[in-house]
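Please look over the model shown here.

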Amino acid sequence: MHMAAALLAFAGTFIIIGTFSDVFQSVIVPRPARRRLRASALLSRWFWMGWRWVGHRAIPNEMREDFLGTFAPGLLIFLLLFWVASLIVGYGLIFFALRTHLKPVPDFSGAMYFAGTSLLTVGF
C-alpha cells in the first residue's frame with residue numbers, strides 16, 4: 001500500500017470512529033459528554049446562533065415562538081443526514097485507498113458511490 005493510500009485509509013477510519021463516537025455520545029449516553037470536540041455539538045451551537053438571530057430579527061413577534069420551536073426537529077433530521085454522509089465519506093475513503101483490490105477499479109466518485117450503496121443497501 002502506498003503512503004497516500006495509507007493516509008486515505010487512516011482518514012476514513014478516523015472519520016468513521018469519530019462519527020460513531022459522536023452518535024453514541026449524542027444519542028445513547030444519558031448525561032452530557034465531557035469530550036469538547038463533537039461535530040454534533042459544534043453544529044448545534046452554530047445553527048442555533050443563526051436560527052436565533054433570524055428568529056429575533058426577521059420573524060414577527062406573533063410567529064417567533066413557532067419558528068424557534070422548529071429548530072430541534074430540523075436539527076435532528078440534519079444531524080441524521082450529516083452522520084450518514086460522514087459514514088459514506090469515511091467508508092468511501094477506505095474503498096478508494098483499497099481500490100486496487102476491488103474489481104472493477106473505481107475512481108473517487110465510484111468509491112463514494114460504492115460506499116453509499118453498501119451503507120444504504122440501495123443497490124443490493
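The model is predicted, so local features need pLDDT of at least 70 and side-chain atom pairs count only at pLDDT 80 or more, while totals for chains, interfaces and linings use all residues. Residues are numbered from 1 along each chain as its sequence is written, and side-chain values use heavy atoms, leaving out hydrogens and water.

Helices are DSSP runs (H or I, at least four residues) numbered from the N terminus. Axes are lines fitted to C-alpha atoms over the stretch in contact, with angles from 0 to 180 degrees between N-to-C directions.

| Helix pair | Axes come within | Crossing angle |
|---|---|---|
| Helix 2 (residues 39–57) and helix 3 (residues 61–69) | 9 Å | roughly 165° |
| Helix 1 and helix 4 (residues 71–97) | 7 Å | roughly 155° |

Helix 1 is therefore roughly antiparallel to helix 4 (over 145 degrees). Helix 1 passes helix 4 in a left-handed crossing (the near helix is turned anticlockwise from the far one by less than a right angle; clockwise is right-handed). By class, their contact has 17 nonpolar, six polar and one charged residues.

Helix 2 and helix 3 are likewise roughly antiparallel to each other, but their crossing is right-handed. W48, W51, R52, V54, G55 and H56 of helix 2 meet R64, F67 and L68 of helix 3 (contact means heavy atoms within 4.5 Å). Five of these residues are nonpolar, two polar and two charged (Ala, Val, Leu, Ile, Met, Phe, Trp, Tyr, Cys and Pro count as nonpolar, Asp, Glu, Lys and Arg as charged, the others as polar).

D22 lies in helix 1 (residues 3–28) and counts as buried because its relative accessibility is 2% (buried means under 20% relative accessible area, with a 1.4 Å probe and protein chains only). The side chains of D22 and R38 are joined by a polar contact of 3.3 Å (a pair of N or O atoms within 3.5 Å, one able to donate a hydrogen and the other to accept it).

Notes:
Helix = DSSP H or I, 4+ residues; strand = E, 2+ residues; numbered from the N terminus. Parallel < 35°, antiparallel > 145°, perpendicular 65-115°, else oblique. Buried < 20%, exposed > 50% of the residue type's maximum accessible area, 1.4 Å probe, protein only.
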